[in-house]
Amino acid sequence: MRRSIDEVRAFYGEPAGRLVRRLVARRLDDAWGQAMGCDVLGIGYATPWLDAFSGARRVVAAMPKGQGAEAWPETGRNATVMVEDDRLPFRAGMFDRVLMVHALEEADAPGQLLTEAVRALSPAGRIILVAAARGGFWGRAENTPFGHGRPFSRGQLERLVREVDLEPVAWSQTLYVPPWRPALGLADAVERIGQAVAPGAAGIVLLEAARRTYARTPRGLGARAALGELLKPLPSPQPVPGGARALPSSRRHRTRLSADK
């Protein structure tokens with residue numbers, strides 16, 4: 001059973017939720033920037049990050065029926081639609097970018113939901129999956145949306161996308177700080193330490209994938225300093241044992257979310 005829209009929205013108004021917004025926004029900024037000229041679809045609860053795609057031609061938020069929906073954006077024409085997990089109301093190939101957050105973990109059939117997302121993805125499009133990381137503190141914290149449903153490892157996400165004829169091209173992990181309010185102020189320092197000495201303690205895993213036909217193009221998460229600090233494009237367009245590899249930091253990252261300024 002999915003968390004209600006009221007619970008998820010309330011979490012992102014709290015200090016812990018604002019931290020998640022900031023850390024994930026870093027990686028999405030490095031992956032897609034402002035998504036210039038793209039049609040973008042957010043599935044699950046992706047609205048905390050959709051405002052950053054200011055260069056997009058069109059942005060739509062698809063919220064699962066079991067969760068409920070909210071009006072978004074706050075001003076202007078509503079761009080939210082309530083959807084069934086197994087049937088998205090979009091024509092094939094409609095979107096250049098698909099972002100899935102709080103979508104797979106509580107889906108009754110995550111493979112079917114991902115199949116529908118891929119159907120809506122353009123031939124040269126990119127998809128980013130953001131999910132609770134198996135083994136991290138946040139996947140065990142029931143006071144956060146990440147502590148419900150099934151967490152994922154990087155390998156599990158890679159297998160999932162390959163089952164729907166996508167190829168992983170880049171990956172990342174973030175949210176190493178434990179979900180304890182006194183520790184949240186140390187998040188940036190803990191991120192640096194966690195990446196170096198305890199990668200299995202990350203709270204969130206992110207995976208970018210593309211259709212196999214287009215896997216030769218080294219763009220997306222690996223092109224703009226690679227999903228925050230960690231993502232790297234695959235060295236080959238074909239599946240590689242062990243999947244995508246992480247990349248060390250190459251520059252200081254920017255965050256575009258207004259709530260973090």
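Val-101 counts as buried because its relative accessibility is 1%, where buried means under 20% relative accessible area, exposed over 50% and partly exposed in between, using a 1.4 Å probe and protein chains only. The model behind this value is predicted, so local features need pLDDT of at least 70 and side-chain atom pairs count only at pLDDT 80 or more, while totals for chains, interfaces and linings use all residues. Residues are numbered from 1 along each chain as its sequence is written, and side-chain values use heavy atoms, with hydrogens and water left out.

Val-101 sits in strand S4; strands (E, at least two residues) and helices (H or I, at least four) are DSSP runs numbered from the N terminus. Leaving aside residues up to four places away in sequence, Val-101 touches Ile-43, Gly-44, Tyr-45, Ala-46, Trp-49 and Val-130, a contact being heavy atoms within 4.5 Å. Gly-44 also stands opposite Val-101 in S4. Though 57 residues apart along the chain, these two have C-alpha atoms separated by 5.4 Å.

Next comes strand S1. Residues 39-44 make up S1, and six of its six residues are buried. S1 pairs with S4 (residues 95-101) in the parallel sense over five bridges, pairing being called when DSSP finds at least two bridges between two strands. S1 and strand S2 (residues 58-64) are also parallel, over five bridges, and here Leu-41 has Val-60 of S2 as its bridge partner.

Over in helix H5 (residues 154-163), the buried residues are Leu-157, Glu-158, Leu-160, Val-161 and Arg-162. They pack against helix H4 (110-119) and strands S5 (121-132), S6 (166-174) and S7 (204-211). After H5 comes Asp-165, with a positive phi near 65 degrees.
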